Amino acid sequence: MRRPQYQEEEVSQINWQVLKMLWPYLLEFKLRIGFAMLCLILTKVASVYLPFILKDIVDTLDANQADKVYLVPFALIATYGGVRLMIVLFAEIRDTLFGRVTERAIRRIGLKVFQHLHLLDLDFHLNRQTGGLSRDIDRGSSGVSFLMRFMVFNIVPTLIEIAMVITILFVNYGIWFALTTLIAIVCYVSYSIYATEWRTRYIRAANKADSSSNTRAIDSLLNYETVKYFTNEDYEAQAYDHQLAQWEQAKTKNRLSLFALNGGQALIISVAMTVMLGLAAYEVTYGNMTLGDFVLINAFMMQLFIPLNFLGFVYREIKGSLANIEHMFGLLKRQPKVVDVVNADELRVEQANITFNNVDFSYHKDRAIIKKLSFEVKAGQKVAIVGESGSGKSTLVKLLFRFYDVAGGDISIDGQKITQVSQHSLRSHIGIVPQDTVLFNDTLLANVHYGRPSASLDQVNKAIDMAHLREFISALPKGDQTLVGERGLKLSGGEKQRVAIARTILKNPKILIFDEATSSLDSHSEQAILAAISEVAVNRTSLVIAHRLSTIIDADNIIVMNKGEMVEQGTHQALLAKQGAYHKMWLLQQSSH
């Protein structure tokens, strides 16, 4: 069975509105852009003037040949070299000035997309596919770079040069030279646009295949252990090869369509050059033009069609770049489902009382997860939530962190509804040790320090000691500088959870949540961690999601859930005395031990 692959959004037409989206990012360097535009104009003026110098050199040499006076026009040759140098220098200055603008725009946009992705709700991140998403961002950033560089420095200058050359040809050499040049350019541009539109389907197919193969590879490598568990290396290789085969086929069609495009463009250029040189040769033969004029027209045509030939490539790439940029900006348009209210207050936590009041919630409309749930966690209490898998225990944690908004009822902390305060302030007061701890591919020390980046090294080491990590770290050759690997895969489940506990201890929040915090620990480590948790939880409100009932017998209140509803609550002894659902769970676990 194949896993679903990344789907690329189709873009049938160029959306020039994307340029409006980019404009604000360019306004930061108005003066720099102004100087760059000045250099651009000077470059084109010098480029158009260059063939006239070449004409004068040829005419001078031709006249000297006729008069048998062998004088080399060194001044004209020096001027020709100087103008060529000016063209290069102005172009380099222009590129240097505008390069900073482009790089800053990419930086600003990249940061904005990154921040926005972190603002999007949990539901988006659970459904996204990292490989395809990263390619969208990469291609979008590359598209901004290409668009800024080539549209400003190729299309605009080429249009300026075309206008100047046609005007010069019309004034100096007549209507036929200007008209031939204009017709050739119109045919070239029209064919380029038509052929590019035709081959867009192949570009899109190649991009889609590229994203799909990349997504498949990353997905497989992230799940390396699962692949090994089920000995599915060959299956993964075959699936990846299937994606690469689609990519290969798409690239082949893309290449053939490119051949058709380039061949047609070359034909138009060759015909235009032939006609123009034929006209010039005719005029020279009948004495209406000098040999220098023939060279000038030849130089103009070569000079004009070199960037014009490049214009076809630029148009194709700009079309793709605009589509990629639009797709990246589409991420910015995606609105998070969980947002702060206007002028949201900062959460003020003094007692850390937590209240769930008639809370309803469902991930999908046809299946309720939490139903009319009400309970209170008083300041300093340890409240445990137990129940069978799928009863909604971990969902309560997501609701408290406001990864999702409740469908009905409300949750409040010290009388403040969490929907009325900022998400940042809410989460800053809550620490969690999750059931599945995922670490960054960095050192042990850095992963603990992540709990509070502003903490001192002494505070980090104290958190490590309280989480009983010191003995483990001391036994490692590199100590706390040991790299934990991708997603912490170099550590055992228990070691990762102790890192998570140390990280939460360092955060020092008023409210603590332990979601199956000792589920991966052996009995000895579990007792040590439970002692550390008890020590840390003093004078703090703690909510414990528990599977092992033996870990929460000291809880001030135990809430028993079944299918999203609270069926019992009370202390350990009181619930045993009731001989209800909790009593059955206790007997089942004791008998299994």
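Start by selecting glycine 387: this residue stands opposite methionine 561 in β9. The model is predicted, with local features needing pLDDT of at least 70, side-chain atom pairs counting only at pLDDT 80 or more, and totals for chains, interfaces and linings using all residues. Residues are numbered from 1 along each chain as its sequence is written, and side-chain values use heavy atoms, without hydrogens and water.

Now select residues 382-387 and 557-562. These are strands β3 and β9, which pair in the parallel sense over 5 bridges. Pairing takes at least two DSSP bridges between two strands. Strands are DSSP E runs of at least two residues, helices H or I runs of at least four, numbered from the N terminus.

Next, helix α10, residues 393-400. This helix packs on the sheet and touches β3, β6, β7 (511-515), β8 (541-545) and β9. Contact means heavy atoms within 4.5 Å. The direction of α10 makes about 135° with that of β3. Axes are lines fitted to C-alpha atoms, for helices over the stretch in contact; angles run from 0 to 180 degrees between N-to-C directions.

Move to helix α15, residues 493-507. It packs on the sheet too, touching β6 and β7, at about 170° to the direction of β6.

Show the whole sheet. 6 strands form an open, mixed sheet in the order β6-β7-β8-β3-β9-β10. At its edges, β6 (430-433) and β10 (565-570) each pair on one side only.

Last, the cysteines. A search of the whole structure finds 0 disulfides, meaning pairs of cysteine sulfur atoms within 2.5 Å.
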